[in-house]
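Here is my note on this protein chain, point by point. Please keep the structure open while you read.

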Amino acid sequence: MSRRRQIYEGKAKILYEGPEPGTLIQYFKDDATAFNAQKKGTINGKGVINNRISEYIFTRLAHIGIPTHFIRRLNMREQLVRQVEIIPLEVVVRNVAAGSIAKRFGIEEGEMLPHTLIEYYLKDDALGDPLVSEEHIAAFNWAGHEEMQDIAAMAIRINDFLSGMFAAVDIRLIDFKLEFGRIYDGDYSRVILADEFSPDNCRLWDFNTNEKMDKDRFRRDLGGEEEAYQEVARRLGVLSGED
Ligand code: C5P
């Protein structure tokens with residue numbers, strides 16, 4: 001007895017058919033994975049918190065003119081979003097060296113980068129999401145030239161805005177991952193922000209203690225991931241639990 005059609009199940013979210021054409025329901029799970037799903041677990045209540053944090057951030061981004069797929073939150077774990085044709089790239093923005101860039105280039109974690117970097121990874125689990133250049137993106141037509149210009153401009157704008165927003169609550173925005181999708185209007189298409197923004201896909205460090213407040217707590221077995229996610233929500237003034 002299925003009440004609606006599942007369109008896609010990812011590692012942390014499920015997409016269901018929405019109530020109207022062109023819409024989907026995005027459901028946030030408590031499941032957590034790392035290292036391309038080699039490590040699996042759950043973070044109790046994560047889905048509820050991430051639904052709230054992502055709602056808050058996408059709403060704030062819409063206020064500064066970033067087009068997003070978010071329409072409205074439906075309940076504790078679900079939000080109504082616009083259906084997009086996902087662009088198969090993970091767009092990573094980095095302010096401070098951490099994670100794979102620190103490892104790849106032998107840079108100390110926590111070192112400020114000379115300037116903000118944007119990296120593109122091909123969204124392909126089987127290949128382990130390889131780092132790709134803009135030349136690869138153009139050659140294999142994963143996104144068009146104008147689309148890439150829009151994506152880079154939005155990524156920088158989002159970084160500037162969110163760095164300030166987090167700094168205001170004593171959090172350093174170290175890096176984050178974005179995904180974009182196309183929506184069609186007749187023969188034309190435009191790119192909008194899709195997916196989510198939560199501690200699952202960014203690095204957030206406490207300004208004073210450098211304590212990690214994101215999924216690295218799970219990846220590195222540091223413990224306290226539930227409390228860390230809750231603390232991010234609390235500082236942003238995003239309530240969780242009640243509806
Ligand atoms: O692992 P790496 O240092 O490349 O991750 C950069 C940023 O992108 C981190 O904030 C991480 O949480 C995010 N990311 C993600 N999904 C991936 C890979 C990275 O959300 N598949």
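1. Start with helix H4, residues 145–167. Its 23 residues reach 33 Å from the first C-alpha to the last, close to the 33 Å expected at 1.5 Å a residue. The expected span of a helix is 1.5 Å times one less than its number of residues. Helices (H or I, at least four residues) and strands (E, at least two) are DSSP runs, numbered from the N terminus. The buried residues of H4 are Met-148, Ile-151, Met-154, Ala-155, Ile-158, Leu-162 and Phe-166. A residue is buried if 20 or more other C-beta atoms lie within 10 Å of its own, exposed if 12 or fewer, and partly exposed in between; C-beta atoms are placed from the backbone. An α-helix has 3.6 residues a turn, so residues three or four places apart point the same way.

2. A word on the source. This is a predicted model: local features need pLDDT of at least 70, side-chain atom pairs count only at pLDDT 80 or more, and totals for chains, interfaces and linings use all residues. Residues are numbered from 1 along each chain as its sequence is written.

3. Now the whole chain. The protein chain has six helices and 14 strands. Its radius of gyration is 17 Å, close to the 18 Å that the globule rule gives for 243 residues, so the chain is as compact as a globular protein of that length. The radius is taken over C-alpha atoms, and the rule is 2.2 Å times the number of residues to the power 0.38. Along the principal axes, the C-alpha atoms fill a box of roughly 50 × 45 × 35 Å. Of the 243 residues, 33% count as buried.

4. Two residues are in contact if their C-beta atoms, placed from the backbone, lie within 7 Å.

5. Look at the first strands. E1 (residues 6–9) and E2 (residues 13–17) pair in the antiparallel sense over three bridges. Two strands pair if DSSP finds at least two bridges between them. Glu-9 stands opposite Ile-14 in E2. A hairpin of three residues joins E1 to E2.

6. E2 has another partner. It pairs with E3 (residues 23–28), in the antiparallel sense, over five bridges. Leu-15 stands opposite Gln-26 in E3. Five residues lie between E2 and E3 in this hairpin, and Gly-22 in the turn has a positive phi of about 85°.

7. Next, the domains. The assignment gives domain 1 (6–82) and domain 2 (87–224). Such bounds come from an automatic or database domain assignment. The C-alpha centres of the two domains lie 17 Å apart. In the contact region, 19 residues of domain 1 meet 20 residues of domain 2. On the domain 1 side, strand E4 (31–34) and H1 each supply at least two residues. H1 gives the most, with seven residues.

8. Helix H6 covers residues 225–236. At 1.5 Å a residue, its 12 residues should span 16 Å; the end C-alpha atoms are 17 Å apart, which agrees. Glu-225, Ala-228, Tyr-229, Gln-230, Val-232 and Ala-233 are buried in H6. Their cover includes helix H1 (46–63), strand E12 (171–185), strand E14 (202–206) and helix H5 (216–219). Just after H6, Gly-237 takes a positive phi of about 80°.

9. Most residues other than glycine have a negative phi, and most peptide bonds are trans. Phi of Asp-195 is near 65°, a positive value. Phi of Asp-221 is near 55°, also positive. Asp-195 sits in the loop between strand E13 (188–194) and E14. Asp-221 sits in the loop between H5 and H6. Which of them is buried, and which exposed? Asp-195 is buried, with 23 other C-beta atoms within 10 Å. Asp-221 is exposed, with 9.

10. Finally, Ala-102 in helix H2 (residues 99–105). Ala-102 counts as partly exposed, because it has 16 C-beta neighbours inside 10 Å. Not counting residues up to four places away in sequence, Ala-102 touches Ala-97, Ile-107, Glu-108 and Glu-109. Ala-102 and Tyr-27 are 75 residues apart in sequence and 33 Å apart in space, C-alpha to C-alpha.
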